[in-house]
Amino acid sequence: MRTILSKREKVGLFPLSLFVRGRKSSLSRKVSTILYASRSYERVPARRETNVLGKKEQQLLDALSPRAAAEGIEVVTVEVVGAKKAPTIRVYIDTPDGVSFDELSSAQAWINAVMDELDPFPGAYTLEVSSPGIDRPLRTPRHFAQFVGGTAVVKTSAPLEGRSAFTGVIVAVGEEMLELDVDGRAVCIPFSTIKHAHLKGVVDFNS
């Protein structure tokens, strides 16, 4: 196993990287941990979940959540992407103070152990563990509430008012739905219809 480490620091706007390659049992697996930009968050009450996770993604999130809570880490979301024969599992983590390189490296170790025990796929897969970055995924109503005033990109599972993709400022978050300001027009989106959502990050090179 070969590990490339960098100095300890909170992950900033541009990525630092840690790559770990290894093998589990008779299955050849490339395990990559990639560090992206992090953003701190405030604790707000949890509300009803959206439907952004697939069955396998929810299974992985449920498996990781108990250990994450014990470690004081939030699993922001889990994504399974890529080819079915060699998928990529992306695990986004955060803490109230952001994520340092060492914290991400430590989390990668126990996340990999959980994945080994769960054995989610019969063949090879890639594991990516990262902080959320400026285009932070938004999975729960609580996530939206944390970023009221920010701009979100939201895709729905069915058309609303003739469209299924919205980009707008998060105005309000209720128990059942989200309100966006889309080009000066209020759009209310039920959480039950949200398929995918993330913040629209803005880089200010003048600051």
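What percentage of the 207 residues of the protein count as buried? In this predicted model, the share that counts as buried is 42%.

The secondary structure consists of 3 helices and 11 strands, arranged along the sequence in the pattern β-β-β-α-β-β-α-β-α-β-β-β-β-β. Among contacts between residues at least 6 apart in sequence, 62% join residues at least 24 apart.

| Strand pair | Sense | Bridges | Residues between strands |
|---|---|---|---|
| β7 (residues 151-160) and β8 (residues 163-173) | antiparallel | 6 bridges | 2 residues |
| β8 and β9 (residues 177-182) | antiparallel | 4 bridges | 3 residues |

Val153 is partnered with Thr167 in β8, while Val169 has Asp181 in β9 as its bridge partner. In the turn of the hairpin formed by β7 and β8, Glu161 adopts a positive phi of about 55°.

Is Glu128 buried or exposed? Its relative accessibility is 16%, and because buried means under 20%, Glu128 counts as buried. The side chain of Glu128 also makes a polar contact with the side chain of Arg90, at 3.4 Å.

Technical notes:
Residues numbered from 1 in each chain as written. Predicted model: local features only at pLDDT ≥ 70, side-chain atom pairs only at ≥ 80, totals over all residues. Heavy atoms only, no water. Pairing = 2+ DSSP bridges. Buried < 20%, exposed > 50% of the residue type's maximum accessible area, 1.4 Å probe, protein only. Polar contact = N/O pair within 3.5 Å; in protein donor to acceptor, adjacent residues only side chain to side chain. Contact = heavy atoms within 4.5 Å.
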